[in-house]
Amino acid sequence: GKARCGRRADNKRRQLKRHETDAKTIAMEDKQLNAAESIALISRMIDNTRNRMLRNSGRPFLVWGYVTVFTTLLVMGAVYYFQDPKWNILWMLLPVLGALLMWLTRDKHTEGKVSTFVDRVINNVWLVMGLTAWFVSMLSLFSQIRLPILFIILLTMGMGTTITGLIIRFRPATAGGTAAIVLAPVSLIVSGYWMPTLFAVGFVVMMIIPGHILNYKSNHTNG
C-alpha cells in the first residue's frame with residue numbers, strides 16, 4: 001500500500017512539473033511573439049515615415065536648405081558692399097522666408113493622414129533644434145553676448161539632420177548631417193568670408209543634396 005501511494009505521489013509531482021514547464025514555455029513564446037510584434041510595428045512606423053518623406057519629395061530639406069544658402073549669400077553681399085556689419089540683421093529673413101515657403105508648399109491633401117510615433121519624434125527633434133537656433137540667434141543679434149552663431153547653428157542643424165537620417169534609415173541625410181558636424185568646428189578656424197562660405201556649404205551638403213535625392217527617389221518610385 002505504501003509503495004502504491006508513493007508511486008501516485010511521484011506521478012503527481014511529475015505532472016505538476018510538466019504543467020509548470022508547459023506554462024513557462026507558453027510564457028516564453030508569448031514574450032518572443034510580443035517582442036517580434038513590437039519590432040515589426042516599429043519597422044512599419046519607420047517605413048511609413050520614410051515613404052511619407054518620399055511622397056513629400058524632401059520638401060523641408062530643400063526649403064530650409066535653399067533659404068539658408070540664399071540668406072547667407074545675401075548677408076555676405078550686403079556686408080561686403082556696404083562695409084557695415086549692421087546688415088547682419090538680414091539674418092532675420094531666414095525664419096520668415098522658410099516658414100512662408102513651408103506654408104506655400106504644404107501638402108493640401110491631409111485627409112486620412114496618420115501621424116506615427118516616429119513622425120512625432122522627428123517633429124519634436126526639429127522643434128527643439130529650431131527653437132535653440134532661434135534663441136541663440138536672438139542672443140547674438142540683440143544682446144551684448146558675442147557667440148559663434150554660424151558654428152552653433154551649423155552644429156545644431158547637423159545634429160538634427162543626422163538624427164533624422166538615423167531614425168528613418170536614410171543614409172544621405174545621415175552622411176550630410178555628419179559632414180556638417182565636422183565642418184562646424186572648421187568654421188571657427190577660418191576667418192573672413194570663409195566662415196559664412198563653409199556655413200552655406202554645410203547646408204548644401206546636409207539639406208539640399210539629400211533633398212534632391214529624396215526628389216529623385218520619389219519621381220523614380222512614382223514613375
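Phenylalanine 82, at 45% relative accessibility, counts as partly exposed, a class that lies between buried (under 20% relative accessible area) and exposed (over 50%), with a 1.4 Å probe and protein chains only. The model is predicted, so local features need pLDDT of at least 70 and side-chain atom pairs count only at pLDDT 80 or more, while totals for chains, interfaces and linings use all residues. Residues are numbered from 1 along each chain as its sequence is written, and side-chain values use heavy atoms, with hydrogens and water left out.

**Aromatic pairs**

- The whole structure holds five aromatic pairs, counted where ring centres of Phe, Tyr or Trp (its six-membered ring) lie within 6.5 Å, with planes under 30 degrees apart called stacked, over 60 edge-to-face and the rest tilted.
- Phenylalanine 82 and tryptophan 87 are stacked, at 4.7 Å centre to centre and 20° between the planes, and tryptophan 87 is partly exposed at 32%.
- Tryptophan 91 and phenylalanine 199 form an edge-to-face pair, because their planes stand at 90°, with centres 5.9 Å apart.
- Tryptophan 91 is buried at 18% relative accessibility, as is phenylalanine 199 at 2%.
- Tyr81, Phe82 and Trp87 form one aromatic cluster.

**Helices α2 and α3**

- The axes of α2 (residues 59-82) and α3 (residues 93-104), which are lines fitted to C-alpha atoms over the stretch in contact, with angles from 0 to 180 degrees between N-to-C directions, come within 9 Å and cross at roughly 150°.
- Helices here are DSSP runs (H or I, at least four residues), numbered from the N terminus.

Technical notes
Helices (H or I, at least four residues) and strands (E, at least two) are DSSP runs, numbered from the N terminus.
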